[in-house]
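The sequence and model are shown first.

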Amino acid sequence: MFEFIYWLLSYVVPFLAVLTVIVFVHEMGHYLVARWNGIAIQTFSVGFGRELFGWDDQHGTRWRISAIPLGGYVRFVGDMDAASTPDREVIAKADPELSKRLFANKNVWQRISVVLAGPVANVILTFVILYALLLGYGRYTIPPVVGTVIAESPAAMAGLEPGDIIVSVDGYTVRGFEDFQRLVATSPERPVTIELERGSRLETLVLVPEATEVEDRFGNAQRIGRIGVSRDVAEADVTLYRPSPIEAIGMTSEEISFIVQRTAAFLGDFFVGRGDVEQLGGPVKVAKVSGEVATLGIVALINLTALLSLNIGIFNLLPVPMLDGGHLMYYLVEAVRGRPLSTKVQEIGFRIGFALVLSLMVFTLFNDTVFAHLGILR
């Protein structure tokens, strides 16, 4: 019993706290833009399944907390289900006053704005959190100077030398050696372009980091890139850098751009045979990571919330029916054609999308609970 309570408090509670915040912000994005466009909203739900408790607001929207806390949705009047499948019968029978407030009857650009609002809200949440943490805590950094280059390593073969000052990697500014390490580590077996300062000259090198499996502080296997460089760090080398509010905007935007680019590259690896399926995670893995990060303190958990929010926003923009990106794809086609796709085509797309999303959920859950437990992929 004690072990169950410990597991519940250590993993489930942090996971649900993080997920609830992310889902609420995502759905609030849909809700607010829908309200601004005069759309009638039937339900705002955090979670799926049976309602645990809820209330009706003055606009007729039912706010509810549901039994399965693994997502959420905004359902508009005239929707058949939480996936916003239009209920043609309800739409056809709606009185004129209600008809003009139905989501399905709004122009295509209004519908596009509502769909985009959820992922955009996730990006905004990420920006606000990272920006606040950067202003509030600053960042510890060490000079981006190469110390040692291992013989016959990718760095040595490319011509990197001790004393080189790293200026940028793949266009991202390197402010400290920790930036250099992270930019290289997130590009296993992918070419990276390094701009460096050697003496009074600027030089550019291109190399491919070797893929290496390492364990993090919690014993989880991570696949990272290494090029064979290091540097000794003295206490005097470490400084706390506090950017100005204006500079922090640029630094936070660059950080978000970096995460998006590296996430896209990670997904792209699976199409060229470099992907490691063990790195894919579903609810169980996210819960485990949330629990582990929670042991590092509230700031680390807040930072994880920002990163997951951004990744969920990106995932929702994939052009898969059932996701926001699938709806967006339909509406963009409608904007180009001047009329929507047929109901039959949309229904086929939603069925395919449902199958893809369900398959991904099953795979990640299986990967979490079976492969990781048995160590088959290690």
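Which residue of β8 is the bridge partner of V192? The partner is L207. This is a predicted model, in which local features need pLDDT of at least 70, side-chain atom pairs count only at pLDDT 80 or more, and totals for chains, interfaces and linings use all residues. Residues are numbered from 1 along each chain as its sequence is written, and side-chain values use heavy atoms, with hydrogens and water left out.

**Sheet**

The order β6-β5-β7-β8 describes an open sheet of four strands with antiparallel pairing. Strands are DSSP runs of E with at least two residues, helices runs of H or I with at least four, numbered from the N terminus; two strands pair if DSSP finds at least two bridges between them. β6 and β8 are the edge strands, each with a single partner, so one side of each has no neighbour in the sheet. Between β7 and β8 there are seven bridges. Helix α6 lies across β5, β6 and β7, at about 45 degrees to β5; axes are lines fitted to C-alpha atoms, for helices over the stretch in contact, and angles run from 0 to 180 degrees between N-to-C directions.

| Element | Residues |
|---|---|
| β5 | 165-169 |
| β6 | 172-173 |
| α6 | 177-185 |
| β7 | 192-198 |
| β8 | 201-207 |

R198 lies in β7 and is buried, at 15% relative accessibility. Buried means under 20% relative accessible area, exposed over 50%, partly exposed in between (1.4 Å probe, protein chains only). Among the residues R198 touches are D164 and E203, contact meaning heavy atoms within 4.5 Å. L317, in the loop between α9 and α10, is partly exposed at 38%.

Terms used. Lists of a residue's contacts leave out its neighbours within four places in sequence.
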